[in-house]
Each structure stands twice: as C-alpha cells, then as structure tokens.
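Biologist: Can you walk me through this one? I'd like to go topic by topic.
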Amino acid sequence: MGQMIRRPKGTRDLLPGEMETRRRVEDAIRRICESWGYREISTPVFEHLQLFKEKSGEDIVEELYAFTDRGDRGMALRPEATASIVRAYLQEMRADPKPVRLYYLANCFRYEQPQSGRYREFWQFGTEVLGGDTPEADAEAIALSDAVMRELGLENSLELGHLGVLRGLADDVGVPVEERDRLLSLIDRGDREAVRQVFGDEAEGALSILDVRGEAEEALRRLEDVLSPYDARDGLEDLRAVMRELERFRVGPKLNMGIARGLEYYTGAVFEAYAPGLGAQDQVMGGGSYELCSVFGGDEMRSTGFAFGFDRVVQALEAQGELPGPGEPAVYVAPVTTSVRRYAISVTRRLRDAGLRAEIDVKGRGIGAQVKHADSKGVAQLIVIGEREEEAGEVSLKDMESGEQVTLSLDDAVELLGDR
RNA sequence: GCCGGGGUGGGGUAGUGGUUAUCCUACAGCCCUGUGGAGGCUGCGACCCGGGUUCGAUUCUCGGUCCCGGCCCCA
C-alpha cells in the first residue's frame, strides 16, 4: 500500500467517537437556540464569488476556495455563513416580520495554513437577529451566546467592545475617514506605536483607549475618562444601553475596547469569547452588530449576529474534561447456530424496539469467537441464543463485565436491560 | 506566503551506507464448537515522493509533499 489517496490538507475525518461528542454539543446548541425562538436556516455550500467579495473586499479571494463552473461563473465555497444568510434574507425573507431570528450550523472553507484549531474545512455555528436595530437586540445576541456556553459548561472569557465608540473617537481626534479602517485594525492588533502615529501627538490621552479592558463597571468609568475631552457620545450611550440590558440578563462581559474589526459593515457593539487551553487560536466566538443589507443592494437594516467555531468549542470542552458519547452498541446478540437465527433476529428486533442499541453477528462465527469479538468491541451485554433458549422462549444474558450469566424470559431481559 | 520540529506495516516502535528491516498491538483465518473474554498456530502488512552523492541510500544531501506547532491573516 504505497501511496493511497489521502484526505486533502487541512481537512479531517471525523470518526464515530468524535462524531458522538460533536453530536452532543450540537444537540445542546440546537436546544438552546430553539428555546430562544431562533429557527434553523441552511444555505448553499457554494455561492457566487461576488457575494464574498462585496462583503469582505477583493483581497479575500486569496483565502477562498474559488473556482469557475462549467457555465463560466465565478463561484466560491463559503468561508462563513453570514453573507449567505443576509443574501437569503434579501432573496426570500424580506417581508417577514422583524426581527428575523435565525441559527445555523454550517461547514465552511478557507484556504489557509492549518494549525492548531484552524482547518481548511471547519464548522461554524451561529445566529443572526436580522432587523434587530436596538441595544436590546445586541444584548440578546450576547446573552444567547453566553447561554450556549453556560449550557455546554464551556469555560470562557466573554468580552465586549464597541465600534461606534472607536469611530467617534477617531473622528473627534481628527483621523481622516480613509485612515479609519486601518486605525481600527491597528487597535485590534494592539499596536500601540502605530496607533499613536495615527492619532498624532496632541491626542496622547486618546491612546489610553487601548487600556480600557477589564471588569465592566470599572472599565466603563475609565472609558468615560478617556472620552471626556471629546464629544464622541453617541457610541458611548449605545454601549451603556447594551450593558444595561445585559445586566438585566445577568450577563456581565468584560469590556475590551481593543476588539475592533476593520470592516465597514460593523456598526456598534462587537464581542468575542476566548476559551483556555486552545493554544494560539483561542477565540471560540465572535460577533457584533452590522449593516450588510445595503452592502448587498438592499435597504439599510441593522442586524446582530455571532458565530462560534464549532470545532474549537468541541476541542475546548475535550480539553476541560471528557465528553463521552454513547460508544459501542450496548447489546450483542450471539446465535449459537444458524438454525436459531430467525429467533435471534426477532429478539434483536425486540431490543431495538425497546430503544436499545443492539447488534447481531453477521459473520457466522462460532459462539466462542463471538464472545471474543463482543469483548474486544467493548460491548456491555451479550445475549446468547441457542436451541434451548429458543424452545423456552428465553435468552441467556451475559454481563460482559462481571461475567455473570442468567437465563430469563425475553420480556424480563428487555426490562432488565432497559433499566441500564 | 513565512518560520521551527517531524514522516519506518492500520496504531505504537527498534535499527542500519549492503540485514530475510526488530518487537508490541490491531486486523484476518485455523485449531476448538453452547461461552476458547483463554491458549496455540498461520496470514496480512512499512522505510512519504522525486533528484543528487555512492558500486550500493530507508540511512547522507537538496527539493517537494504531508503532519504537528507558531507567524501573517482572521470575514
């Protein structure tokens, strides 16, 4: 077996054991979203390349799996879900009563260098509150993301920033509009020197915006201090309103004015969560309020959304402690001879109907080999069926851990197994 | 795109400029046929790819590729 075809770089085969833990996480996520009134949406894995260019700029093409289809159309595998969802909203849901609350779990693709917590195919789970044009909607998104992490028991640091504040400050300091996005990305990076140069010497005080991070109330006071010489008050008022609403939810993110996405469509509150134990890529969630509808040619409409790195969430939970899945089937049915197969199959069906995960020999192995096989698979219970059992309408139930074996009626066996 | 560390059967490993390339495990089969979860036997199967040095490369060297981690980026 020299060179077999291997999986493409940056992709993973998710084996049964891992799928079982992922499924548990997924189930919890769906449950919470639905209990908050969000409904699931699924959009195409590929879209017109133009969609992503319009959202994120020409440069992202380098990071995309882009291709030309047989009709000579430029296409790309989705690198994230929000663009598609806003597109679908404009195409299909415009007239729906606002806000439109949606959630999704979608595999996404980015042509990047893989490293810990970063793959070329990865899964994002997230929500959007389309047309939720209020601090209350922003707060709901943040509170929901917090509820998801709580439900999962995910240790994290939840941090809140605000682009309205940063843009207002930039304006007041006199940063030209064309410099602003670059400034935001410098702030995001925490490049103090570069930020100082953009602000200029006379705005030394504004530089302390970079130090506004920490527990909410104290950090808010510091932010007010930083902003006091300026009249960038709109953003601050919005941020206060979001925090006030969050307080009603009893959710208290840290304040971090260093969260500053450079993209224009982000409007106000932005937030991220980090989980310990993930190495260099420790951000598990990011979100914010945005205005994408007009970018895609619709009317202006503000929305708020967040996206979790599903794989990272699973990885972080695994780092925290085990997430056992259901594992191998609980019951293995071992017919002693083919002559009792009919009865054995009917027994297996009874077990399955009772909700048990049951498996029956298909290799025609002898009873000895079947016991051996069941053991090596790690099956918990073995049911031996031979002619004696069939005649009496019974089964022999062997506990593979203790080795104890009892012969009892099928009904009793089902009842006994059902209790475990 | 860049940097560092790695690549020997499915998994884990030993080792070497010339060997039938080591061992464990897994897997498959046989013995046995109502419990052989054992034991025994047999089988299966590897030096990442390509160029160079050399009489000879799995071993040395260069390039590529993939894996692990990091940088850049992070929609």
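Modeller: Let's start with a term. A cavity here is a set of grid points where a 1.4 Å probe fits but cannot get out. Keep in mind that this is a predicted model.

Biologist: OK, how many cavities of 30 Å³ or more does the count come to?
Modeller: One. The space in the largest cavity is about 40 Å³.

Biologist: Which residues line the largest cavity?
Modeller: The lining consists of Glu26, Ile29, Arg30, Tyr103, Leu105 and Phe125. Helix 1 (16-35) and strand 5 (100-109) each give two or more of the lining residues. Helix 1 gives the most, three residues.

Biologist: And how does that lining divide by class?
Modeller: Four residues are nonpolar, two are charged and none is polar.

Biologist: Now the open ones. What is the volume of the largest pocket?
Modeller: About 1,600 Å³. Its lining has 46 residues. Closest to the centre of the pocket are Arg110, Gln124, Arg261, Leu263 and Tyr266.

Biologist: Which element gives the largest share of that lining?
Modeller: Strand 11, with seven residues. Other elements give two or more residues, including helix 2, strand 6 (121-130), helix 6 (177-189) and helix 10 (310-320).

Biologist: What about classes in the largest pocket?
Modeller: The lining has 17 nonpolar, 14 polar and 15 charged residues.

Biologist: And the second largest pocket, how much space is in there?
Modeller: About 260 Å³. Helix 8 (216-227) and helix 9 (233-248) are the elements that give two or more residues to its lining. Helix 9 gives the most, five residues. Among the lining residues are Arg240, Met243, Arg244 and Glu247. By class, the lining has six nonpolar, one polar and five charged residues.

Biologist: Switching topic. How is chain A divided?
Modeller: Into domain 1, residues 16-320, and domain 2, residues 331-418. Their C-alpha centres are 53 Å apart.

Biologist: On the RNA side, what share of the atoms within 4 Å of the protein is sugar or phosphate?
Modeller: 48%, and the rest belong to bases.

Biologist: Give me some specific atom pairs. What lies 3.2 Å from a phosphate oxygen of RNA strand B?
Modeller: A polar side-chain atom of Arg189. For the bases, look at the protein backbone. A polar backbone atom of Glu387 is 2.7 Å from a base oxygen of RNA strand B. A backbone N or O atom of Met400 is 2.3 Å from a base nitrogen of the RNA strand.

Biologist: Next, the sheet. What is the strand order in the nine-stranded one?
Modeller: The order is 1-5-6-12-11-10-7-9-8. The sheet is open and its pairing is mixed. Strand 1 (39-40) and strand 8 (213-214) are the edge strands, each pairing on one side only.

Biologist: Strands 7 and 10, parallel or antiparallel?
Modeller: Antiparallel, over six bridges. Strand 7 covers residues 157-162. Leu158 stands opposite Ala273 in strand 10.

Biologist: Last topic, backbone geometry. Which residues does the cis peptide bond join?
Modeller: Lys98 and Pro99, with omega at about -5°. Pro99 sits in the loop between helix 3 (82-93) and strand 5.

Biologist: And what is phi of Asp72 near?
Modeller: It is near 65°, a positive value in a residue other than glycine. Asp72 is in the loop between strand 3 (66-68) and strand 4 (74-77).

Biologist: Why flag those two?
Modeller: Because most residues other than glycine have a negative phi, and most peptide bonds are trans.

Key. Residues numbered from 1 in each chain as written. Chains lettered and ligands numbered in written order. Predicted model: local features only at pLDDT ≥ 70, side-chain atom pairs only at ≥ 80, totals over all residues. Heavy atoms only, no water. Domains from an automatic or database assignment. Near = heavy atom within 4 Å. Polar contact = N/O pair within 3.5 Å; in protein donor to acceptor, adjacent residues only side chain to side chain. 1 Å grid on protein atoms, 1.4 Å probe; cavity = no way out; pocket = protein on both sides within 12 Å on 5 of 7 lines; lining within 4 Å. Points joined across faces, edges and corners; volume = space filled by probe spheres on them. Helix = DSSP H or I, 4+ residues; strand = E, 2+ residues; numbered from the N terminus. Nonpolar A, V, L, I, M, F, W, Y, C, P; charged D, E, K, R; others polar. Pairing = 2+ DSSP bridges.
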